[in-house]
Amino acid sequence: MLYIEVKTKERETLVNITGVISALVENSGIKNGICIVYVPHTTAAITINESADPDVVRDIIDRLKELVPHKGDYAHSEGNSDAHIKASIIGNSRIIIVENGKLALGTWEGIFLCEFDGPRTRKVFVKII
Ligand code: ZN
C-alpha cells in the first residue's frame, strides 16, 4: 500500500489530488487494473467530480454546509458532528480503473480529498492492483 499526505488549509475544502494519484499509478508499473483511493479519517472523504470549473467545488461545499450546518443540536461532544455526517454522505473511498498505465477518468473529472474539519494533515491510502 502507498500513501500520500495532504495538508488542508481551511475547515471545509476540496483538494484536487489527481496529479499525485496519477503519478503513483504511472510509477507502479501496473498497466491494467484498479486503483483504490481511501481516506482513513472520520471527518474527511474522497470524491470524483468536475475539476475544470472551481465553481463546482464551491457549490458542493456550500450546499453541504446548508444541508448539514456546523452548529446544531448534535449529541457528539467534539463539536464536529457536521464533519462526520458530511464524510459519511460523500464516502471514504473511490475505485478508479487503470487502463494502459493511466487512470481512466473522464475529461473533466478529478479526484478530490474532501476536508470537513480542517485545517489538518490528512493521509490518503492508495492501493494499485
Ligand atoms: Zn468528532
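Buried means under 20% relative accessible area, exposed over 50%, and partly exposed in between, computed with a 1.4 Å probe on protein chains only. The buried residues of α3 are Ser81, Asp82, Ala83, Lys86, Ala87 and Ile90. This is a predicted model, in which local features need pLDDT of at least 70 and side-chain atom pairs count only at pLDDT 80 or more, while totals for chains, interfaces and linings use all residues. Residues are numbered from 1 along each chain as its sequence is written, and side-chain values use heavy atoms, with hydrogens and water left out. Helices (H or I, at least four residues) and strands (E, at least two) are DSSP runs, numbered from the N terminus.

**Helix α1**
- Helix α1 covers residues 18–28, and its buried residues are Thr18, Ile21, Ser22, Leu24 and Val25.
- These residues lie on the same side of α1, because they cover an arc of only 160 degrees around the axis; the arc is that of the directions from the helix axis to the C-beta atoms.
- Gly19 and Asn27 are exposed on the face turned away from the buried side of α1.

**Helix α2**
- The 14 residues of α2 (residues 54–67) should span 20 Å at 1.5 Å a residue, and the end C-alpha atoms are 20 Å apart, which agrees; the expected span is 1.5 Å times one less than the number of residues.
- Val57, Ile61 and Leu64 are buried in α2.
- They are on the same side of α2, since their arc around the axis is only 65 degrees.
- Arg58, Glu66 and Leu67 are exposed on the other side of α2.
- The cover over the buried residues of α2 includes β2 (13–16), β4 (44–50), α3 (81–90) and β7 (109–115), where contact means heavy atoms within 4.5 Å.
- Aspartate 53 caps the N-terminal end of α2, with a side-chain oxygen 2.9 Å from the backbone nitrogen of aspartate 55.

**Helix α3**
- The buried residues of α3 pack against β4, α2, β5 (93–99) and β7.
- Glycine 91 follows α3 and has a positive phi, near 105 degrees.

**Zinc site**
- The protein donors of the zinc ion are His76 (NE2), Glu78 (OE), Asn80 (OD1) and His84 (NE2), at 1.8 to 2.2 Å from it; donors are N, O and S atoms within 2.8 Å of the metal (3.2 Å for Na, K and Ca).
- Along the chain, the zinc donors have the spacing H-x1-E-x1-N-x3-H.
- Asparagine 80 counts as buried at 5% relative accessibility, whereas histidine 84 is partly exposed, with a relative accessible area of 23%.

Conventions. Polar contact = N/O pair within 3.5 Å; in protein donor to acceptor, adjacent residues only side chain to side chain.
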